[in-house]
Amino acid sequence: MGGNLYANPADCNCAPPCRAVIGERRLRPVSSPRVSPELIDELRAIVGAAAVVADEASTRVYECDGFTLARSAPDVVVLPGSRDEMVAVVRKVAASGLCFVPRGAGTGLSGGCLPLDAPVMIGTSRMRAIRSVDFENRRVVAEAGVVNLHVTRAAAAHGLFYAPDPSSQSACTIGGNVAENSGGPHTLKYGVTTNHVLGLELVLPDGEVVELGGEVDDVPGYDLRGLAIGAEGTFGIVTAATLRLVRTPQAVRTLLGMFRDVDDACRAVSAIIAAGILPAALELMDRMIVEAVEAAYGFGFPPDAGAVLIVELDGLEVGLGEQVDAVRAICQTARASEVRVARDEAERAALWKSRKRAFGAVGRLAPNYCTQDGVVPRGSVPEILRRIAAAAERYRLRIANVFHAGDGNIHPIMLFDERDADEVSRVLAAGKEILEACVELGGSVTGEHGIGVEKIEQMPLLFSPVDLRVMSELRLVFDAQRRCNPGKIFPTPGACVETVKVGMPRRQVPL
Amino acid sequence: MIDAALLRQCVHCGLCLDACPTYLQLGTEMDSPRGRIHLVGAVSEGSLPLSADVVRHLDLCLGCRACETACPSGVEYGRILEAGRAAVETQWRRPLGDRLRRRLLIELFPHPRRLRAVAGLVRLLQALGLWRIVTALIPSARLMPEVQPTSALRSTAADGVAVMRVALLEGCVSGVLQGGVNSAAQRVLNRCGAAVDIPADQTCCGALHLHAGDLEGARRLARTNVDAFSSGAVPDAVVVTAAGCGAAMREYGALLRDDPRYAERAAALAARVRDATEVADELLDRCPPLGARAQRVTYHDACHLAHAQGVRQPPRRLLAALPGLELIELAESDLCCGSAGSYNLTEPDMAAALGRRKVDNIIATGVDSVAVANPGCALQIAAELRRRGSAVRVAHPLELLDEAMRGGEGT
């Protein structure tokens, strides 16, 4: 490896690059090795015929996840139903020398499970067992394909819940959450996935099974568990995770502040934190989002709200009322036109439904959207919002904002129509500019969606060549041949992404 | 082939996955709503040929529309599916056996007279003890309950002063195989102050045609019903006891949108369609005193009531109002039972798997009865309960209400 940032791609028997296309619909790989009929038969022998997807129509639906700008269909999708089947499948694929890409529910937003240079996709959708529950010690062992919300459902009767709650929690799975180190609205107080995973069962790209972390905190030695969480499936395939459960708070109060504009709402956010209050969630929606959400769910937001702030306070019943009063006063000082408290659990649930499904609700505004995921220091939120608005104007785009204001994790949602190539290219350019602005303001190019293929180009903005080299070399410890989810996270000279440029013939942009 | 605007509503977020029965059973993306929309879109734009594989995944969809409940973007999946199936029927030639089976269903179920003739034959075979031979040869025939003779319904006046005048859709399967449900509904409505008309020229609602992609056949039936239910005095409501029929009739406006002679009347009729449980719930305050009969009951949400018509609370309120009845919530209550119109006849394996899942959940509640507001679901669930030798009874919510009104002397 030495000082060379880029290991020789020829180590792997896959991968002439340029398989996926960003900004343009699919391009079938021409020269990369294909899956042989013999391999497909062998995979069927392991998992059963129904769990091997190889026909043209069926593989097509696996060509993208929630990030639809890049598409590339795998040759075959294998869906093992157990750890043993997974091991056998990975070994078989390893013996064939082919690359593979893991996939959970396909709700990711950065193209993390796009089969970029990998003809084989291995999905965890049939591994849905909760292997064990230990409510006394507040932990549960869930297989990778268990839906996030099902963990909380299994624990709710015992007064416990699984804290990381991405907006897609009703569909996304634990394996994908681990790969992306998913967060959610309640990240502010409860932390992200890595704060709630005690141990992992990981199938390495050669088929060996390694246990990372354990059943208790502070396992001696390197924190390999921490390394693997957020590795975006480049270390192997997680087949199960030991998750920490958290006591359901005794009391919850959810406030809703309506503001004239996002600046006032941001002032309230900063003032709440400055007052020493730590809300469970602190979420902001701008006018465009409020309108879309209102059209979808009819929650009852005032039609003229320029920004809506959701503040959720939880903890012991005693003292919570004072915090509610304090937050209300802060919002009023920040010129809130109205401050409401959710009357009951039903109203609170309706409010969160509006917030968590906000991304989907924008489907009512435009045929396609692309959600950016940048981070800025909390104090810079008003500034980044100004820059987003400027970018929207310059690129003639509609950009809606819904985000985790408490931790400065912004989610500008760029609306477009994929049939308009010019608009697509403007979306890509604006997205790039917004992320560059995040870095410039001292933040990051992703808070929780991951790098995937979407932000690969921005990695050098955030990391020095040495940083990238260390990360890239570390990956080789787990995946020496870069066979698992190739072409993700790290910009490599071989990889390229084709983009459609305004008024120009398509050109290749080396990364 | 399909209105592109319908397809563009889907932003590929995947929030529908965990609501989809076939995805829950199989874990395969092409058997999820998002996957099927992707397939229809790819075929529609011409980048994927229509193939046996595409047809297979469209066929496997139950049309339960649970995905519409889950969808944040308001995707009209039911309409996408119908358009996709219509394209299949016009552009794809199915194998002969498949074609014959589908033809048979369309030629039998939507025709009460033919269905009644078959039911008579079945009754004879059942009486002679020969029905077992048939079920041994044709597993799907196990769905057939013990057939009771039914008599035609007649219009009836309200008990006392009428506060409402409604017209009742008899339906095909519900009319012939579950005639007791319509009679019970009629008695309940009469007692609560509604006059109930039975329009003479009414016909099948067209749901089976719609699900099978036969849009023209569905339109033909819809026109007949528009005429039948719009002649004479306009009823306050068109009452339906079968969720699947109610859902189809609520679509009449969209179905006949391009027919200048019918568009307006069809939309007006569609707007008046109500499920019988909704109307009964509204009139419950006017009900005579209810008799008590201690029993534990759970409620199964028929897809075409909960997902397609958004009716969830009225049947629950009705049941909870019955003295002595303890209503126990059913796990996965709005997950399809596998019946789905004629699906249990065209896709018996998936239908059976979902039937087992549903009955597992029902048995786990420990109830005496399960209330079901759709004849297809009732047949499917009853058949699976019979197979397991379970004593749990299947009844329409209005049958339970009718029994309570008659002093709890019911069956």
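I began with one pair: the side chains of Arg103(A) and Glu29(B) meet in a salt bridge, 2.9 Å from N to O. I noted the rule for a salt bridge: a side-chain nitrogen of Lys or Arg within 4 Å of a carboxyl oxygen of Asp or Glu. Between chain A and chain B the count is one salt bridge.

Before going on, I wrote down that this is a predicted model, where local features need pLDDT of at least 70, side-chain atom pairs count only at pLDDT 80 or more, and totals for chains, interfaces and linings use all residues. Residues are numbered from 1 along each chain as its sequence is written, chains are lettered from A and ligands numbered from 1 in the order in which they are written, and side-chain values use heavy atoms, with hydrogens and water left out.

**The interface**

I looked up the contacts (heavy atoms within 4.5 Å) and found 41 residues of chain A touching 36 of chain B. How much area do the two chains bury between them? I got about 2800 Å², 53% of it on carbon and sulfur atoms; buried area is the accessible area (1.4 Å probe) that two parts lose on being put together, summed over both. On the chain A side, Arg60(A), Val61(A) and Arg128(A) lose the most area to chain B, together 19% of what that side buries.

Next I checked which helices (DSSP runs of H or I, at least four residues, numbered from the N terminus) take part. In chain A, H2 (56-60), H9 (287-297) and H12 (358-361) each supply at least two residues of the side touching chain B. H2(A) gives the most, with four residues.

**One residue up close**

I picked Tyr297(A), which sits in helix H9 of chain A. Leaving aside neighbours within four places in sequence, Tyr297(A) is in contact with Lys353(A), Ser354(A), Arg357(A), Ala361(A) and, across in the other chain, Pro72(B). Tyr297(A) and Arg357(A) are 60 residues apart in sequence, and their C-alpha atoms are 9.4 Å apart.

Of its 18 lining residues, Arg85(B), Arg102(B), His211(B), Ala212(B) and Ser342(B) are the closest to its centre. H7(B) gives the most to this lining, with three residues.

Note on methods
1 Å grid on protein atoms, 1.4 Å probe; cavity = no way out; pocket = protein on both sides within 12 Å on 5 of 7 lines; lining within 4 Å.
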